[in-house]
Amino acid sequence: MKKVPYIEQMEENECGIACLGMILGYYGHHRSIPCIRNEFQLSRNGLSLKNLKFISEKYGLEAKAFFMFRDQLRSIPHPCILHWENNHFVVLEKIRGNTAYIADPNIGKFKLGLDELSKKHTGFILCLTPSSSFKKRKEQSDWFFIWELIKSHPKFVVLIFFCSLVLQSFGLIIPLSISWITDHIIMPKQAHLLTLIGWIILALFLSYELIAILRSYFITKLQTHMDYSLMTKFIRHLLHLPFRFFENRSVGDLVFRSNSHVIIRQILSNRMITMMIDSVLLITYAVIMFLQSWMLSLAVIGISILLFAIVFFTTPVTKNLTAKDISTQSQTQSFLSETILGIIDIKTTGTEQIAFNGWLERFQRQLRISEKRNLWTSVIGSVTIGLQRLTPIVLIWLGAYFVIDNRLTIGQLIGFNSLALAFMTPIVSIGQTHNELLMVSSYIQRILDVIKTETVEEQLDKNRFSLLKITPRSVIGQIEIKNVSFCYDSFSQPALKNINMEILPGEKIGIVGPSGSGKSTLAKLIMGLYRPTSGQIFIDGKAIERYDLKALRSHMGVILQESRLFHKSIKENIRMHNSEISDDQIRSAAATAFIHNEIMRLPMQYDTQLSESGSNLSGGQRQRLLIARALAHSPSILILDEATSFLDFNSERKVDKNLSDLRCTRIVIAHRLNTVINADRIYVLDQGEIAEVGTHQELLHLKGVYYHLYRSQKKKNSNPELLV
């Protein structure tokens with residue numbers, strides 16, 4: 001019976017599209033999570049049943065949503081998607097008797113009784129069946145990526161294969177040698193030949209060791225090259241992914257994925273080649289065994305088939321436990337990374353024990369799954385090893401009849417026994433390799449989840465026309481925004497609606513509004529971190545997609561709310577990998593940001609090392625260092641998103657005065673209105689739309705949104721000077 005292919009969700013919000021991917025695969029249309037994610041802009045908010053219905057219909061499935069009680073589940077087409085407890089989605093694969101077969105994209109496949117099902121199932125169901133427009137799509141194997149990786153280093157692969165083949169041939173030489181020595185040296189008592197045999201054995205040993213060392217050397221070289229190829233491809237692709245990708249991923253999970261290359265190359269560089277050689281040797285050993293005794297050979301092959309059957313029938317459980325183990329490892333590491341990054345908040349709220357309990361809960365779950373997987377593999381391993389150890393006794397017992405009947409010599413029996421053990425070794429090795437490849441496939445899925453994510457979102461049109469070249473000082477800072485709207489995903493309400501702005505070079509523009517009105521989103525659109533859902537943005541009269549965005553951003557100085565300092569020196573934090581920025585420029589930028597004198601009072605001055613996120617500085621010092629970073633390369637456009645929120649009034653006024661002397665376009669996004677009082681023009685956003693435009697005095701006279709924000713802040717502030 002056809003089974004539902006299992007797809008593991010990579011993120012908490014992807015259970016819906018993982019379930020959809022499983023059902024599409026069941027009907028022959030194979031589409032991965034990254035593929036669905038690329039075609040539908042999905043945010044971290046997840047999907048509703050209505051959203052899943054919409055996506056399903058786009059892929060040619062007929063989708064019907066129901067609310068059903070447990071007793072009605074038998075009457076609907078399977079597989080289908082069930083809405084689960086805790087706002088989760090699972091696939092109901094089938095029902096047999098009183099047992100439901102569930103594929104949960106978070107924890108794997110399992111069975112449960114219908115009574116337990118009714119407790120977890122909320123009652124909502126999405127039935128999916130192929131419509132007349134449904135088209136099948138072939139599955140793209142994840143192993144193609146690995147094969148491309150391995151074959152990119154053919155020299156080492158060939159050398160390792162050759163050395164492995166020679167080493168494995170010793171397994172053939174030894175049984176035949178034992179048989180010959182027994183029949184021609186020991187039984188006839190040819191003692192004068194023993195010294196020669198000893199020298200031959202020593203030569204064989206030295207040859208074996210030499211080739212084994214060479215093989216280890218070539219494997220090490222292949223691993224180094226695979227490490228370099230895999231990691232450079234992964235990190236290069238990761239860093240070129242659009243900003244929105246990182247908004248939907250945890251740092252810990254991405255670090256976990258990047259570290260998985262160690263396990264991948266350890267297994268692939270050795271096991272893949274060994275598995276190919278083992279397959280060849282099995283045939284060779286089988287032919288030689290049949291030439292010596294076909295009846296004993298049948299016994300050996302019978303035991304081997306039993307070993308293969310054990311590996312084959314236990315594969316689903318092994319694969320499921322392996323996927324769960326890796327998933328729980330990722331979750332534990334992600335939680336720990338987020339905990340360490342947010343340690344200041346944990347300390348200030350006194351929730352250390354709660355954080356520890358959260359980590360402990362995940363770690364204990366990881367240990368339980370790991371224990372189950374290790375126990376399972378140990379049991380399977382003990383059974384296979386037990387059968388392997390039993391084989392010589394069985395062969396001696398059966399072979400004794402042939403020796404007594406003079407159909408085999410003692411030497412032939414001993415030699416055949418050794419040959420049978422050599423035959424069994426590749427079988428056990430193939431079983432171990434199979435289990436390790438199941439493990440590495442889960443790691444590969446996590447690598448490919450990143451690599452298959454498209455990088456073209458930011459630079460969508462670079463293949464349609466050549467990008468505009470940007471030379472030093474070629475950007476003058478004129479910005480025009482025409483009818484721009486933006487949605488975070490295909491199903492959410494617009495975060496910005498029909499935005500129109502015209503900013504002249506050198507102007508200071510203020511953008512204010514209530515929290516959640518779309519101020520920061522607009523800044524990211526101007527930078528090209530997001531692409532408008534509709535409308536266009538022009539820089540110096542040319543559409544932003546015509547530019548090489550990396551080059552364009554080099555002419556922008558930006559401080560976003562997400563901007564951070566790094567665990568580097570103050571100088572390196574200001575320079576930000578730009579070797580063209582001189583020490584004089586760094587000092588000048590720091591002086592403009594009103595932080596130079598404080599840096600000079602530090603023992604190591606600009607070489608002072610900052611802790612992660614600059615936590616060894618005050619909030620105001622961090623912000624002024626970020627301002628210095630934004631100014632160091634003399635930008636034509638300066639975007640400041642709440643960049644002075646931690647500064648006191650005097651510091652903020654001095655920084656603003658210094659910035660006013662610069663010849664650049666300034667876009668200041670602020671919650672504190674005193675930051676934008678002297679702006680040439682202030683845009684007031686409310687619920688994603690421009691509610692008002694004007695100078696500070698003009699907006700006060702309107703007595704609209706800006707006026708009420710101003711009045712509200714003035715009441716909260718005991719010093720009216722801050723708002724005049």
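**Helix packing, α9 and α11**

I began with helix α9 (residues 251–259) and helix α11 (residues 294–341), which pack at an angle of about 130 degrees with their axes 7 Å apart. For helices, the axes are lines fitted to C-alpha atoms over the stretch in contact, and angles run from 0 to 180 degrees between N-to-C directions. Helices (H or I, at least four residues) and strands (E, at least two) are DSSP runs, numbered from the N terminus. I therefore noted α9 and α11 as oblique to each other; angles under 35 degrees count as roughly parallel, over 145 as roughly antiparallel, 65 to 115 as roughly perpendicular and the rest as oblique.

Which residues make the contact? From α9 I listed V251, G252, D253, V255, F256 and N259, and from α11 I326, Q329, S330, Q333, S334, S337 and L341. Contact means heavy atoms within 4.5 Å. I sorted the residues of this contact into five nonpolar, seven polar and one charged. Here Ala, Val, Leu, Ile, Met, Phe, Trp, Tyr, Cys and Pro count as nonpolar, Asp, Glu, Lys and Arg as charged, and the others, Gly among them, as polar.

**How I read the model**

This is a predicted model, in which local features need pLDDT of at least 70 and side-chain atom pairs count only at pLDDT 80 or more, while totals for chains, interfaces and linings use all residues. Residues are numbered from 1 along each chain as its sequence is written, and side-chain values use heavy atoms, with hydrogens and water left out.

**Helix packing, α7 and α14**

Next I looked up helix α7 (residues 194–240) and helix α14 (residues 410–451), which pack at an angle of about 40 degrees, with axes 9 Å apart. That makes α7 oblique to α14. I found L230, K233, F234, H237 and L238 of α7 in contact with I447, V450 and I451 of α14. By class, I wrote down six nonpolar, one polar and one charged.

**Domains**

The domain assignment, automatic or from a database, gives domain 1 (14–130), domain 2 (142–456) and domain 3 (477–716). Taken over C-alpha atoms, the centres of domain 1 and domain 2 are 35 Å apart. I noted 14 residues of domain 1 in contact with 15 residues of domain 2. Between them the two domains bury about 1,000 Å², 32% of it on carbon and sulfur atoms; buried area is the accessible area (1.4 Å probe) that two parts lose on being put together, summed over both.

**Backbone notes**

The peptide bond from H78 to P79 is cis, with omega near 5 degrees. I placed P79 in the loop between β1 (61–67) and β2 (80–84).
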